[in-house]
Amino acid sequence: MSERQKSPAWKTQLRPSVLAKQALPWVVPILLLMVWQSASSAGILPSRFLPSPRAVVSSFIALSASGELWMHVRVSTLRALAGFAMGGGLGLVLGLLTGSLHWAETLLDTTIQMVRNIPPLALIPLVILWFGIDESAKLFLVSLGVFFPVYINTFHGIRSVDRGLLEMGRTYGLSGWPLYREIILPGALPSILVGVRFSLGLMWVILIVAETISARSGIGYMTMNAREFMQTDVMVVGILLYAVLGKLADLLAKGLERYWLRWNPAYQRAR
Amino acid sequence: MPVTCSSGEIATGDRRCSRGVSVRIQSVSIAFGGRTVLENFDIEISAGEFVAIVGRSGCGKSTLLRSVVGLETPQAGTITLGNVAEHARKHDGKPDLRPPVRSAVRPEARPDVRVMFQDSRLLPWRRVLPNVMLGLEPALIPQARKVLAQVGLAERAGDWPATLSGGQRQRVALARALVHDPNLLLLDEPLGSLDALTRIEMQQLIEDIWRSRGFTAMLVTHDVAEAISLADRVILIEGGCVALDEVVNIPRPRTRGGTRFAALEERILGRVLQRRRVVEDRW
């Protein structure tokens with residue numbers, strides 16, 4: 001008992017202030033940046049190998065001032081979102097279908113599980129043959145990649161809805177769409193959002209590869225084009241842009257989780 | 001069968017008779033995977049009566065309750081609510097996703113029969129008031145608020161169920177059942193997971209509401225004292241049949257310390273334990 005009383009006091013002494021807590025995640029990136037800059041300045045890191053952070057920043061400013069950067073970012077983001085909407089939407093619909101109806105599961109699940117084991121990027125030769133180096137090729141690859149995480153998690157979410165709640169709903173006369181809206185969908189939502197977050201990460205990975213292989217615009221194209229001219233600073237800007245966009249997508253997914261799952265104590269304090 | 005209007009000591013005694021619905025369970029048999037849970041089971045419950053069903057774990061008391069509301073399908077027999085017979089339904093074993101039909105064939109869709117489960121089964125993604133409103137038109141919000149006030153949780157209407165205590169959650173579940181103004185309330189060990197003090201409070205609340213509203217109540221419990229303090233009649237189930245059917249003739253409000261209370265509790269408990277001794281001897 002005395003141990004338990006002591007422990008909070010001991011904790012408050014060591015608890016970091018709010019400011020320090022917010023600064024903590026940035027300590028490692030800033031340290032890395034400092035090491036990188038000093039290595040470049042000292043000449044240990046040749047600029048044709050890796051440009052200095054200062055060079056990357058000035059290249060970023062030049063690219064964004066000319067508007068070229070934003071054009072590429074817009075094209076890539078639109079591709080990513082369109083592919084996500086198509087693949088994720090289809091995954092959601094099919095996941096809801098196979099999760100809710102047994103005959104749909106019997107009909108479709110085996111096929112989907114087989115196709116799932118093919119990495120989307122392995123289809124690139126075939127996709128180029130089918131769609132050429134058109135927009136549709138990139139949309140197809142992104143859609144295919146994001147489809148499976150959304151599908152699997154939706155299916156699993158529907159299947160793991162609390163049976164007690166379903167039973168309760170039925171004794172209250174709920175069935176059909178009201179039962180779906182009140183109990184099945186909200187019950188599956190945490191799992192569906194896990195799938196969404198997962199596929200948002202996958203979305204960028206697949207888009208990078210698709211854009212580096214065949215494109216005339218987009219961040220991947222910009223990076224590959226810079227390689228032709230040995231513009232390492234532009235290459236690094238492109239790579240860092242993916243990191244930023246990926247983080248933004250993750251923040252969006254987290255925001256959705258915090259809003260839609262605010263009833264769940266596990267998500268209330270999640271930061 | 002005793003008509004319990006005579007035991008209604010309160011002024012609303014007459015209303016009780018008109019409100020409740022009678023339950024007649026006739027030669028019902030239920031088996032799960034070859035194991036018989038209830039066999040040729042018969043009981044009759046009058047309108048407005050409060051019946052407690054006790055028995056050891058796995059004796060089929062919950063199954064009985066669930067079959068009254070249509071969550072289990074008896075292999076044989078009929079369950080009659082009021083004067084409309086619910087005949088043995090076709091057993092297809094599939095989850096029911098058909099639209100609700102307000103007929104005696106599907107009593108789970110009957111708006112006048114409500115269940116309270118052992119766990120509150122509140123929707124965690126709905127705040128307290130929307131939980132109480134489940135399956136109701138938005139026009140009935142004032143009524144839901146009134147019932148919520150009746151169970152003493154008016155000020156928690158906007159809270160998430162996750163922030164409530166176990167007892168408060170059961171109160172919300174009770175309010176959710178009561179807002180439909182049921183003629184038959186089925187209580188499936190609703191107080192089983194509560195602490196002793198909260199339990200007594202909840203028993204009082206359920207008794208008060210039953211007395212003022214006059215619905216028929218079926219309470220499944222493993223707590224003999226709880227059964228005696230609440231019910232007009234205590235039915236003991238053993239081996240799938242009625243082993244004991246005792247009318248509780250103790251005037252309300254009942255105090256647990258009373259001699260008649262203690263004597264009855266001892267008699268029923270003795271009957272439960274005696275059965276176990278017989279079973280153990282046989283082994």
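Helices, taken as H or I runs of at least four residues, and strands, taken as E runs of at least two, are DSSP runs numbered from the N terminus. In that numbering, Ala137(A) belongs to helix α8 of chain A. The structure is a predicted model, with an ipTM of 0.77 and a pTM of 0.77.

**Confidence in chain B**

- The average pLDDT of chain B is 81, and 81% of the residues score at least 70.
- Residues 1–18 of chain B keep a pLDDT under 50, and the model gives this stretch 25 contacts beyond four places in sequence.
- Residues 84–108 of chain B also have a pLDDT under 50, with 45 contacts beyond four places in sequence.

**Overall form of chain A**

- Chain A is made up of 13 helices and 0 strands.
- The C-alpha trace of chain A spans about 75 × 70 × 30 Å along its principal axes.
- Chain A has a radius of gyration of 24 Å, whereas a compact globule of 271 residues would have one near 18 Å.
- Buried residues make up 32% of the 271 residues of chain A.
- Among contacts in chain A with a separation of 6 or more, 73% join residues 24 or more positions apart.

**Packing of helices α5 and α8 in chain A**

- Helix α5 (residues 68–100) of chain A and helix α8 (residues 135–159) of chain A have axes that come within 6 Å and cross at roughly 30 degrees.
- The crossing of α5(A) with α8(A) is right-handed.
- The contact of α5(A) with α8(A) contains 18 nonpolar, 11 polar and 3 charged residues.

- Ala137(A) counts as buried because 21 other C-beta atoms lie within 10 Å, and the cut-off for a buried residue is 20 or more.
- Beyond its neighbours within four places in sequence, Ala137(A) is in contact with Val127(A), Ile128(A), Phe131(A), Gly132(A), Ala210(A) and Ser214(A).
- Ile124(A) is partly exposed because it has 17 C-beta neighbours inside 10 Å.
- Val209(A) is 85 residues from Ile124(A) along the chain, and their C-alpha atoms are separated by 9.4 Å.

**Contact between the chains**

- The contact draws 21 residues from chain B and 17 residues from chain A.
- On the side of chain B that touches chain A, 15 residues are nonpolar, 1 is polar and 5 are charged.

**Backbone geometry**

- Most residues other than glycine have a negative phi, and most peptide bonds are trans.
- Arg252(B) and Pro253(B) are joined by a cis peptide bond with omega about -5 degrees; Pro253(B) sits in the loop between β10 (241–247) and α8 (259–282) of chain B.
- Met230(A), which is not a glycine, has a positive phi of about 60 degrees and is found in the loop between α11 (219–228) and α12 (232–260) of chain A.
- Met230(A) counts as exposed because it has 10 C-beta neighbours inside 10 Å.
- Glu189(B) has a positive phi near 45 degrees and lies in the loop between β7 (184–188) and α6 (196–213) of chain B.
- With 19 other C-beta atoms within 10 Å, Glu189(B) is partly exposed.

Definitions and conventions
Residues numbered from 1 in each chain as written. Chains lettered and ligands numbered in written order. Predicted model: local features only at pLDDT ≥ 70, side-chain atom pairs only at ≥ 80, totals over all residues. Contact = placed C-beta atoms within 7 Å. Nonpolar A, V, L, I, M, F, W, Y, C, P; charged D, E, K, R; others polar. pLDDT = per-residue confidence, 0-100. Rg over C-alpha atoms; globule rule 2.2 N^0.38 Å. Buried ≥ 20, exposed ≤ 12 C-beta atoms within 10 Å, placed from the backbone. Axes fitted to C-alpha atoms, helices over the stretch in contact; angles between N-to-C directions. Left-handed = near helix turned anticlockwise from the far one by under 90°.
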